[in-house]
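Please find below a short note on selected local features of the model.

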Amino acid sequence: MASKRIGVVGSGIMGAGVAEVAAASGFEVVLRSRSQEGVDAMLAGLDASLARQLKKGRIDETTASDVRARVSAVTALDELAACDLVLESIVEDLAIKQDLFRELDRVCAPSAVLATNTSTLPVVEMAMVTKRPERVCGIHFFNPAPAMSLVELVPAITTSDATLAEARAFVEACAKTPVTVKDQAGFVVNALLFPYLNNAVRLFDAGVASRDDIDAAMKGGCNFPMGPLELLDLVGLDTSLAILDALYAEFHDPNFAPAPLLRRMVAAERLGRKSGTGFYDYAR
Ligand SMILES: NC(=O)c1ccc[n+]([C@@H]2O[C@H](COP(=O)([O-])OP(=O)(O)OC[C@H]3O[C@@H](n4cnc5c(N)ncnc54)[C@H](O)[C@@H]3O)[C@@H](O)[C@H]2O)c1
């Protein structure tokens with residue numbers, strides 16, 4: 001069964017990005033935020049993104065208005081009832097995601113695929129709070145979703161082949177490249193990326209080099225498009241800390257033990273771009 005109407009839950013960095021990608025690929029998208037402010041901010045962000053693409057000549061007026069018309073934003077979860085596939089993209093916290101999966105299982109048709117955009121958490125533990133563990137799958141987009149080509153498909157040990165095939169068809173229809181990865185913490189990309197980002201925070205905290213020099217070193221020395229501290233600010237330091245905590249809990253590898261400075265910065269609400277301050281300051 002091909003998905004036509006996509007639900008996205010969460011209007012943060014990733015929810016908004018995935019909603020834009022799906023709408024631009026021709027899907028009807030219902031985006032759910034808990035608050036009217038979240039709905040308004042998401043729609044304003046979508047309008048701004050479409051206006052930027054229009055100005056750069058990447059899309060024309062008709063495409064922009066068609067994409068905009070395909071997105072509806074709601075606050076009531078029940079509005080997702082007619083969706084074929086719902087992708088949650090809320091805070092990286094297993095208990096909160098499990099509560100949401102229980103609700104989605106109640107609201108959505110039994111045939112609907114329920115998916116998680118989690119970066120590290122066990123997909124099977126979300127699947128098992130539903131009555132349809134075979135219809136639950138990880139679909140892990142990257143940030144920023146409109147620009148990044150990769151998506152990790154993460155079948156839990158309960159996921160059926162038909163569900164995985166539908167998830168793959170959705171990702172391919174979004175013109176993304178899927179890789180299939182076992183349901184273990186960090187999947188491929190974050191399991192490899194986060195020890196590096198975490199050790200960059202340790203180097204910075206130890207005064208081995210300045211913030212700018214650490215980022216310049218990795219851009220110039222490894223040809224990375226962003227330095228590690230810039231990238232942590234883009235991901236969000238709270239999400240990064242949650243990812244490292246989950247990786248450490250699963251593997252007990254010291255490289256995954258969050259750098260103390262990272263935890264302190266999250267406690268101080270220096271979350272990176274989304275809060276206006278992280279390793280860098282961002283004009284708001
Ligand atoms: N930031 C990244 O680079 C990135 C990349 C890929 C995947 N992810 C994953 O995407 C998901 C969302 O991350 P994000 O970066 O968009 O975070 P974000 O902080 O930008 O947004 C989080 C969203 O969760 C909502 N939320 C918070 N508490 C909630 C609750 N109790 N119930 C329901 N909703 C709640 C917030 O209102 C917000 O809409 C996470 O699972 C994260 O691991 C993040």
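1. Arg32 is part of strand 2 (residues 28-32); strands here are DSSP runs of E with at least two residues, helices are runs of H or I with at least four residues, and both are numbered from the N terminus. The model is predicted: local features need pLDDT of at least 70 and side-chain atom pairs count only at pLDDT 80 or more, whereas totals for chains, interfaces and linings use all residues. Residues are numbered from 1 along each chain as its sequence is written, and side-chain values use heavy atoms, with hydrogens and water left out.

2. Arg32 is buried but forms no salt bridge; Glu103, the nearest side chain of opposite charge, is 7.6 Å away. Buried means under 20% relative accessible area, exposed over 50% and partly exposed in between (1.4 Å probe, protein chains only). A salt bridge requires a side-chain nitrogen of Lys or Arg within 4 Å of a carboxyl oxygen of Asp or Glu.

3. A polar atom of the Arg32 side chain lies 2.9 Å from the backbone oxygen of Thr75. Leaving aside residues up to four places away in sequence, Arg32 touches several residues, including Val8, Gly10, Thr75 and Leu80; contact means heavy atoms within 4.5 Å.

4. The peptide bond between Asn143 and Pro144 is cis, with omega about 0 degrees. Pro144 is located in the loop between strand 6 (136-141) and strand 7 (150-155).

5. Phe187, although not a glycine, has a positive phi of about 50 degrees. Phe187 sits in the loop between strand 8 (177-180) and helix 7 (189-205), and counts as buried because its relative accessibility is 5%.

Note on methods: Lys, Arg positive; Asp, Glu negative; His and termini not counted. Polar contact = N/O pair within 3.5 Å; in protein donor to acceptor, adjacent residues only side chain to side chain.
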